[in-house]
Amino acid sequence: MKIKIFILLSLIITIPIFSQDKYEYDTKIEITGKIITELFYGPPGFGEDIKHDKKVYPFLILLENDIIINGNTEFPDEKIRKIQLSFPYNQKENIKKFKNKTVKITGKFFHSDNGNHYTNVLIDVEKIIPIM
């Protein structure tokens with residue numbers, strides 16, 4: 001009886017690990033979440049001198065659950081819930097109307113590669129659709 005209970009508990013505990021969605025870099029995907037902004041510190045020190053560093057509020061998508069981005073030879077696997085949005089500068093006003101709203105985003109994940117990237121994983125946004 002104790003073995004059956006142990007096996008049952010083991011399965012229940014491992015279910016959340018296997019139920020997390022997994023994604024790849026540079027593959028077109030769709031994700032759903034809430035558009036938010038969050039304070040980060042920019043130049044010149046990117047948080048080393050918060051009195052003088054620029055305050056930056058990039059757009060992020062906050063997912064309901066963690067997802068995993070499968071790593072590659074260059075980057076390890078990433079377990080994430082917040083993802084910075086990357087989009088053409090002339091689309092910033094268009095993105096603002098989605099702040100604090102739930103949306104579906106189509107795009108591709110890529111890894112951060114400069115100081116203007118405030119999360120390890122970003123999404124290159126192709127399309128945003130509001131969820132009513």
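Predicted model: local features only at pLDDT ≥ 70, side-chain atom pairs only at ≥ 80, totals over all residues.
**Entry 1: isoleucine 123**
I looked up the contacts (heavy atoms within 4.5 Å) of isoleucine 123, leaving aside its neighbours within four places in sequence. My list holds Ile29, Ile31, Ile83, Gln84, Leu85, Ser86, Ile105, Gly107, Lys108, Phe109 and Phe110. Residues are numbered from 1 along each chain as its sequence is written, and side-chain values use heavy atoms, with hydrogens and water left out.

**Entry 2: cores**
Next I checked the nonpolar cores (sets of buried Ala, Val, Leu, Ile, Met, Phe, Trp, Tyr and Cys joined through side-chain atoms within 4.5 Å; buried is under 20% relative accessible area with a 1.4 Å probe, protein chains only). The largest has 22 residues, and Ile123 is one of those touching the most other members, together with Ile31, Ile61, Ile83, Leu85, Ile105 and Phe109. Strands (DSSP runs of E, at least two residues, numbered from the N terminus) β2, β5, β6, β7 and β8 each supply at least two residues of this core. β5 (59-69) gives the most, with five. Apart from this core I found another of five residues, including Phe40, Val56, Leu60 and Tyr118.

**Entry 3: largest pocket**
A pocket here is an open set of 1 Å grid points where a 1.4 Å probe fits, with protein on both sides within 12 Å along at least five of seven lines. I read a volume of about 450 Å³ for the largest pocket, as the space filled by probe spheres set on the points. Of its 17 lining residues (an atom within 4 Å of a point), Val56, Pro58, Gln84, Tyr89 and Lys92 are closest to the centre. β6 gives the most to the lining, with three residues.

Definitions and conventions. Helix = DSSP H or I, 4+ residues; strand = E, 2+ residues; numbered from the N terminus. Buried < 20%, exposed > 50% of the residue type's maximum accessible area, 1.4 Å probe, protein only.
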